[in-house]
Amino acid sequence: MPRRSAVHEKNLPDRTLVVDNGAYTIKAGFSSSSPTLKDCHTIPNCLARERDRKVWVGSEIESIRDFGEVAFRRPVEKGYLVNWEAEKAIWDSTFLTQKSKLHCDPHDTNIILTESPNTPAALQTNCDQVVFEEYEFASYSRHIGPSLNAYHDIQTLFGEPPRASHLPAVPAECLLVIDSGFSHSTVTPLYKGRPIQQAVRRLDVGGKLLTNYLKELLSIRHYNLMNEEQLVNDAKEKISFVSDSFGQDLERTWKGMSKKGREAQASDADVVVDYVLPDYNAGVHGFMRPHDPSLAAKVKKMGAMANPGGVVEDFMTLGNERFAVPELLFNPADVGMKEAGLPETVLQSLTGLPPGLWPAMLANIIVVGGNCLIDGFMERLETEIRQLSPTECVVRIAKATDPIKATWLGGAYMAADPAALKAMQVTRHDYLEYGSGWLSRVFAGAITR
């Protein structure tokens with residue numbers, strides 16, 4: 001039974017900052033009585049250095065016009081915040097700069113911060129110390145990102161009537177959250193908003209691995225793009241789709257000289273596309289267009305092609321790269337990883353639960369994270385989970401309204417309820433009196449207050 005600790009009565013400030021500190025972007029904003037997605041701001045969670053060694057921090061990166069050979073430094077690696085020196089530079093620019101939309105005085109602000117499941121204790125302690133000793137926020141609570149999604153009105157995602165607007169956001173009783181983001185993918189079963197720790201599963205495939213794999217494929221088949229992270233990441237987001245019949249699509253894009261190969265080549269018009277590379281000097285972004293075989297032949301001879309406007313453009317003809325890259329989410333063994341795909345990881349997570357919870361979890365699956373925006377991802381995931389699940393269980397899977405900002409919005413719903421916020425937050429006074437060890441036990445649920 002959790003220990004009960006006597007703490008001082010808390011008088012929390014009126015302002016609450018919710019920060020979903022993701023590996024690729026920070027989703028942050030102030031909570032209100034009726035939070036919406038418009039209240040959330042997305043900030044690149046990295047530092048960028050150009051060829052001339054100029055360094056851009058956080059939101060400043062959105063002003064870069066030429067991403068050629070820009071080097072990125074990210075504070076979050078493999079889902080864990082390991083570089084507070086870089087993170088502090090980004091937080092200072094975002095939360096302490098007077099011109100920033102998210103400027104605040106930490107002494108008069110509560111903060112709700114997310115972390116990855118199973119974060120090492122040493123990294124959690126570092127985070128607690130920075131929040132209370134470096135920034136001196138008035139109060140603070142640390143949550144694993146997927147758990148905040150329990151505060152959404154989950155049933156509306158499945159076509160049920162919405163909850164009454166005057167009711168507080170109560171966490172869903174049973175919820176299975178699939179979070180496929182930049183660093184990794186996790187499967188987290190939640191019971192009344194708290195993770196069932198022994199059933200949490202992790203797959204080390206995320207957007208970063210997909211981008212790096214596409215860089216290797218393009219560098220072998222087209223141009224050396226190993227130093228062009230931003231270019232390749234943009235291309236990945238625009239061209240990728242998850243195939244529902246991987247073998248057939250692979251056959252369609254095979255350029256063999258046999259009769260079968262020629263027939264497949266003639267029928268691949270909807271798979272093979274041309275990706276026009278960006279022209280940073282002209283301010284033109286990269287884009288995808290239907291494949292033109294005759295045009296491709298000319299480019300192969302000339303190396304570049306001038307369109308009717310006289311602007312030189314270059315492009316890559318892409319075929320199986322479009323679906324072979326996101327296929328790693330379902331078959332990591334394609335690149336030698338000894339891990340199960342995402343649908344199998346869901347079933348592995350269920351094996352860590354009592355069988356009586358399986359029907360409730362399978363009937364309430366919510367998917368968040370940027371990877372679920374890939375075309376065909378949700379359909380393939382639902383199909384394979386249905387195939388693996390017990391036949392007597394109803395399987396319902398829904399994608400969050402905004403998968404990237406969903407975690408932030410769940411935290412904002414929680415913060416909108418003063419009673420829930422007061423129960424979650426730990427004040428700086430309590431931290432200074434009881435220490436970081438006590439704080440870790442509070443957030444782990446070992447101490448109730």
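1. Strand E5, residues 47–49, pairs with E7 in the antiparallel sense, and three bridges link the two. Within this pairing, leucine 47 has arginine 73 of E7 opposite it. Bear in mind throughout that the model is predicted.

2. The pairing of E5 with E7 belongs to an open sheet of three strands, ordered E6-E5-E7 and paired antiparallel. Strands E6 (55–57) and E7 (71–73) are the edges; each has a single partner strand, so one side of each lacks a neighbour in the sheet. On average, and ignoring direction, neighbouring strands here are turned by 20 degrees against each other.

3. Which strand deserves a careful look for its surroundings? My pick is E13, residues 185–191: six of its seven residues are buried, so the rest of the structure largely encloses this strand. With strand E12 (residues 174–180), E13 pairs in the antiparallel sense over seven bridges, and valine 177 stands opposite threonine 188 of E13. Four residues lie between E12 and E13 in the hairpin they form.

4. Strand E14 (residues 194–195) runs antiparallel to E13 and is joined to it by two bridges, with tyrosine 191 opposite arginine 194 of E14. The hairpin of E13 and E14 has two residues between the strands, and in its turn lysine 192 has a positive phi of about 55 degrees. Strand E15 (residues 201–203) also pairs with E13, antiparallel over three bridges; there, arginine 201 of E15 is the bridge partner of valine 187.

5. Turning to the helices, please look at aspartate 249, which sits in helix H6 (residues 246–252). Is aspartate 249 buried or exposed? Its relative accessibility is 6%, so aspartate 249 counts as buried, given that the cut-off is under 20%. The side chain of aspartate 249 makes a polar contact of 2.5 Å with the side chain of serine 243. Beyond residues up to four places away in sequence, aspartate 249 touches Phe241, Ser243, Val271 and Phe323. Asparagine 320 is 71 residues from aspartate 249 in sequence, yet their C-alpha atoms are 7.5 Å apart.

6. Threonine 94 has 5% relative accessibility and counts as buried. What does the side chain of threonine 94 reach? It reaches the backbone oxygen of isoleucine 90, at 2.8 Å. With neighbours within four places in sequence set aside, threonine 94 is in contact with Ile43, Ser100, Leu102 and His103.

7. A word on cysteines. A disulfide is a covalent bond that links the sulfur atoms of two cysteines. How many disulfides does a search of the whole structure find? The search returns zero. Cysteine 46 is buried, at 2% relative accessibility, and cysteine 372 is buried too, with a relative accessible area of 1%.

8. Finally, the overall view. The protein chain holds 15 helices and 24 strands, and 52% of its 449 residues count as buried. Among contacts in the protein chain with a separation of 6 or more, 65% come from residues 24 or more positions apart. The chain exposes about 21400 Å², of which carbon and sulfur atoms supply 52%.

Methods: Residues are numbered from 1 along each chain as its sequence is written. This is a predicted model: local features need pLDDT of at least 70, side-chain atom pairs count only at pLDDT 80 or more; totals for chains, interfaces and linings use all residues. Side-chain values use heavy atoms; hydrogens and water are left out. Two strands pair if DSSP finds at least two bridges between them. Axes are lines fitted to C-alpha atoms, for helices over the stretch in contact, and angles run from 0 to 180 degrees between N-to-C directions. Buried means under 20% relative accessible area, exposed over 50%, partly exposed in between (1.4 Å probe, protein chains only). Contact means heavy atoms within 4.5 Å. A polar contact is a pair of N or O atoms within 3.5 Å; within protein, one must be able to donate a hydrogen and the other to accept it, and residues adjacent in sequence count only if both atoms are side-chain atoms. Accessible areas come from the Shrake-Rupley method with a 1.4 Å probe; for residues, only the protein chains shown count as cover. A disulfide is a pair of cysteine sulfur atoms within 2.5 Å.
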